[in-house]
Every structure is written in C-alpha cells, then in structure tokens.
Amino acid sequence: VVTLVLQGALDLALAGVALGLPLALGGSSFVSKMLFGVRPADPGTAATAAALLILVATVAAYVPARRASKVDPLTALRYD
C-alpha cells in the first residue's frame with residue numbers, strides 16, 4: 001500500500017517538475033527585474049526548488065500511506 005501511494009505521488013511530483021521547470025525558465029524573463037542577486041535561469045535555484053517539491057510530495061504521501069497500511073483490510077472492507 002505504501003509503495004503504491006508513494007509511486008503515485010512521485011509520478012505526479014515528477015510530472016509537475018517536468019512541466020513547471022520549462023515554464024518557470026520561460027517566464028523568468030518577465031520577473032527578472034524582481035530577482036535581486038539571482039540570475040533568471042539559475043540552475044542551483046531551480047534544482048533546489050525541484051528537490052524541495054519532490055521531498056514535500058514524498059512526505060505528504062508517506063504519512064497517510066503509513067497510517068492506511070496499519071489498518072486491517074477486513075475491518076476497512078466491513079466499514080464500507
């Protein structure tokens with residue numbers, strides 16, 4: 001159960017990074033005047049943001065998945 005939930009969450013997070021990174025790089029020219037001390041296409045900042053997004057998505061999926069894996073399946077089916 002935990003593996004399935006984490007796999008789904010990571011798939012969504014990676015898709016978000018794959019779609020968002022080019023859009024962020026393309027839109028960085030519009031906000032370049034507001035970026036003080038950071039280049040618009042700074043690879044370190046982009047990598048840090050992507051890693052943070054993936055970390056938060058993993059933790060956000062792990063906590064409920066861990067709780068769901070502790071429930072007895074027969075009890076859960078009877079409750080429905």
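Trainee: Where does R39 lie?

Mentor: Good place to start! R39 sits in the loop between α1 and α2. Keep in mind that this is a predicted model.

Trainee: Is R39 buried or exposed?

Mentor: Exposure is read from the relative accessible area, and exposed means over 50%. R39 has a relative accessible area of 55%, so it counts as exposed.

Trainee: How far apart are the C-alpha atoms of R39 and S28?

Mentor: They are separated by 9.0 Å, although the two residues are eleven apart along the chain. G26 itself belongs to helix α1, and it is partly exposed, with a relative accessible area of 46%.

Trainee: On to the helices, then. What span does α1 reach, and what is expected?

Mentor: α1 covers residues 2-27, which makes 26 residues. From first C-alpha to last it reaches 36 Å, close to the 38 Å expected at 1.5 Å a residue. For α2, with 27 residues, the span is 38 Å, close to an expected 39 Å.

Trainee: Where does α1 bend?

Mentor: Look at G20: the helix bends there by about 25°, and a proline, P22, follows within four residues.

Trainee: Which residues of α1 are buried?

Mentor: First, the general idea: an α-helix has 3.6 residues a turn, so residues three or four places apart point the same way. Now the case here: V2, L6, A9, A13 and V17 are the buried residues of α1. They pack against α2, residues 43-69.

Trainee: And which residues are buried in α2?

Mentor: There you will find A50, A61 and A65 buried. The buried residues of α2 pack against α1 in turn.

Trainee: At what angle do the axes of α1 and α2 cross?

Mentor: They cross at roughly 160° and come within 9 Å. An angle over 145 degrees counts as roughly antiparallel, so α1 is roughly antiparallel to α2. As for handedness, α1 passes α2 in a right-handed crossing.

Trainee: Which residues make the contact?

Mentor: On the α1 side, the contact is made by V2, V5, L6, A9, L10, A13, L14, V17 and L21. On the α2 side, the residues include A46, A50, L53, I54, A57, A61 and A65. T58, Y62, R66 and S69 of α2 take part in the contact too.

Technical notes:
Residues are numbered from 1 along each chain as its sequence is written. This is a predicted model: local features need pLDDT of at least 70, side-chain atom pairs count only at pLDDT 80 or more; totals for chains, interfaces and linings use all residues. Side-chain values use heavy atoms; hydrogens and water are left out. Helices (H or I, at least four residues) and strands (E, at least two) are DSSP runs, numbered from the N terminus. The expected span of a helix is 1.5 Å times one less than its number of residues. The bend at a residue is the angle between axes fitted to the seven residues ending there and the seven starting there. Buried means under 20% relative accessible area, exposed over 50%, partly exposed in between (1.4 Å probe, protein chains only). Contact means heavy atoms within 4.5 Å. Axes are lines fitted to C-alpha atoms, for helices over the stretch in contact, and angles run from 0 to 180 degrees between N-to-C directions. Angles under 35 degrees count as roughly parallel, over 145 as roughly antiparallel, 65 to 115 as roughly perpendicular and the rest as oblique. A crossing is left-handed if the near helix is turned anticlockwise from the far one by less than a right angle, and right-handed if clockwise.
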